[in-house]
Amino acid sequence: MKRLIGGLFAAFALLIGATVYISYRSWDGLVDHRSSETASVLRGAIGGREILLSITPWPPIPMREVDFTVSFPGTAGNAPPYVDLSMAGMEMGRNRVDLSRGEDGRYRGTGVLVRCPSGRRDWEATVTFPGAGKAVFRFAVAD
């Protein structure tokens, strides 16, 4: 009888522990961080003209959707710009964010920054305006 009670107690404790662990791990996904997070505006240049890249949320969270906004006044090319996401010195495959022009003249799109198995957090966003050039922006993601 003592073994049965001990076994039931162990199973109950394991069930409670698993429930607490799963709740803790999934809680972050239940909270909308976008409403309270701010954006960071990174500055660069293409052909001597300033280009701005805004990333929201800031700092970007790996494995979550990230909003990219590009401002490049005076440019309305035939093809829309895009952002290539990569890590310096690493072959990561293609991770491209296609941008579309908004009514305010800014280009917007969403993408996901993957979590690097090596633990690196440094990223590069290369904004390409077909026919005008490229600008590279460096930043770090959140832990």
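How many bridges join β8 to strand β9 (residues 133-140), and in which direction do the two strands run? The two strands are joined by 8 bridges and run antiparallel; strands count as paired if DSSP finds at least two bridges between them. The model is predicted, and local features therefore need pLDDT of at least 70 and side-chain atom pairs pLDDT 80 or more, whereas totals for chains, interfaces and linings use all residues. Residues are numbered from 1 along each chain as its sequence is written, and side-chain values use heavy atoms, with hydrogens and water left out.

The chain contains 1 helix and 9 strands, arranged along the sequence as α-β-β-β-β-β-β-β-β-β. Helices (H or I, at least four residues) and strands (E, at least two) are DSSP runs, numbered from the N terminus. Of the 143 residues, 31% are buried, where buried denotes under 20% relative accessible area, exposed over 50%, and partly exposed the range in between (1.4 Å probe, protein chains only). Among contacts (heavy atoms within 4.5 Å) between residues at least 6 apart in sequence, 52% join residues at least 24 apart.

An open sheet is formed by 5 strands in the order β1-β2-β3-β7-β6, with antiparallel pairing. Strands β1 (40-46) and β6 (100-101) stand at its edges with a single partner strand each, so one side of each lacks a neighbour in the sheet. Between β1 and β2 (residues 49-56), which run antiparallel, there are 7 bridges, and Val41 lies opposite Ser54 in β2.

Strand β8 (residues 122-129) is mostly covered, 7 of its 8 residues being buried. Thr126 in β8 is the bridge partner of Asp84, while Asp122 stands opposite Ala140 in β9. The hairpin of β8 and β9 has 3 residues between the strands, and Gly131 adopts a positive phi near 90° there.

The largest nonpolar core comprises 25 residues, those with the most contacts inside it being Ile51, Leu53 and Val70. Such a core is a set of buried Ala, Val, Leu, Ile, Met, Phe, Trp, Tyr and Cys residues joined through side-chain atoms within 4.5 Å. Two or more residues are given to this core by each of β1, β2, β3 (65-71), β4, β8 and β9, and β8 gives the most, with 4 residues. When residues up to four places away in sequence are not counted, Val70 touches Ile51, Leu52, Leu53, Val83, Leu99, Arg106, Tyr107, Val127 and Phe129.

The whole structure holds 5 salt bridges, defined by a side-chain nitrogen of Lys or Arg within 4 Å of a carboxyl oxygen of Asp or Glu. One of these joins Asp84 and Arg96, with the closest N and O atoms 3.0 Å apart. This pair links β4 with β5 (residues 96-98) across 12 residues of sequence. Asp84 is partly exposed at 22% relative accessible area, as is Arg96 at 32%. Arg138 and Glu124 form a further salt bridge (3.1 Å, N to O), in which β9 supplies Arg138 and β8 supplies Glu124, 14 residues apart. Arg138 is exposed at 60% relative accessibility, whereas Glu124 is buried at 13%.
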